[in-house]
Amino acid sequence: AVVAAIAPASASAEERTCRGRIGAATVDNLRVPPGTTCRLNRTRVKGTVKVERRATLRATRIRVVGNVQAENAARVNVARSRVGGSVQVVQGGSSTLRLNKVGGDVQYFENRGAISIARNRVDGNLQCKENRRRPTGGGNIVQGNKEDQCARL
């Protein structure tokens with residue numbers, strides 16, 4: 001009986017792999033594996049969304065308690081969503097971040113493609129450094145600092 005009581009407490013949060021679409025469902029953590037495309041609509045993520053190498057995330061009206069993290073991703077598009085933590089897009093392709101509420105920082109570092117950051121509310125900082133193309137957009141309400149390539153957005 002003691003072992004059964006301890007086992008569930010030691011189990012870690014479930015990670016859901018997304019290939020294709022997820023609609024109005026609730027998941028713990030979400031991973032978009034290399035080279036795949038994930039479309040989220042009205043999805044709730046209790047943890048973090050990770051977008052891996054050459055993967056594409058197209059998210060609309062999602063709620064993420066944690067972070068959205070993309071490294072070497074092909075494309076990351078997030079619109080009309082709420083992210084409790086930060087949005088980090090590093091060494092990837094193109095990205096659009098539009099009409100979102102972000103509780104932490106928005107960070108775009110060393111990306112190659114076109115980046116549009118428009119009409120978001122960011123509680124932390126908006127930081128853009130060493131992107132091959134200067135990010136475009138505007139109308140962002142940022143509580144912290146707008147830095148480097150994003151200073152005028």
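Which residues form a positive surface patch?

View 1. Arg-42, Arg-61, Arg-80, Arg-98 and Arg-119 form it. To join a patch, residues need over 30% relative accessible area and no salt bridge, and like charges are joined within 9 Å. One of the members, Arg-61, sits in the loop between strand E8 (56–60) and strand E9 (63–64); strands here are DSSP runs of at least two residues, numbered from the N terminus. Arg-61 is partly exposed because its relative accessibility is 39% (under 20% is buried, over 50% exposed, partly exposed in between, with a 1.4 Å probe and protein chains only).

A quick note on the model: it's predicted, so local features need pLDDT of at least 70 and side-chain atom pairs pLDDT 80 or more, while totals for chains, interfaces and linings use all residues. Residues are numbered from 1 along each chain as its sequence is written, and side-chain values use heavy atoms, leaving out hydrogens and water.

**View 2. Asp-28 meets Lys-46.** These two form a salt bridge, with their closest N and O atoms 3.4 Å apart (the term means a side-chain nitrogen of Lys or Arg within 4 Å of a carboxyl oxygen of Asp or Glu). Asp-28 has a relative accessible area of 23%, and Lys-46 has 46%.

**View 3. Arg-31 and Glu-52 pair up.** Their salt bridge spans 2.9 Å, N to O. Arg-31 is in strand E4 and Glu-52 in the loop between E7 and E8, so the pair ties together parts 21 residues apart in sequence. Glu-15 joins Arg-31 and Glu-52 in a network of salt bridges.

Technical notes:
Patches are made of residues with over 30% relative accessible area and no salt bridge: like charges are joined within 9 Å, nonpolar side chains (Val, Leu, Ile, Met, Phe, Trp, Tyr) within 5 Å. Accessible areas come from the Shrake-Rupley method with a 1.4 Å probe; for residues, only the protein chains shown count as cover. Lys and Arg count as positive and Asp and Glu as negative; His and the chain ends are not counted. The place of a charge is taken as NZ of Lys, CZ of Arg, CG of Asp or CD of Glu. Helices (H or I, at least four residues) and strands (E, at least two) are DSSP runs, numbered from the N terminus.
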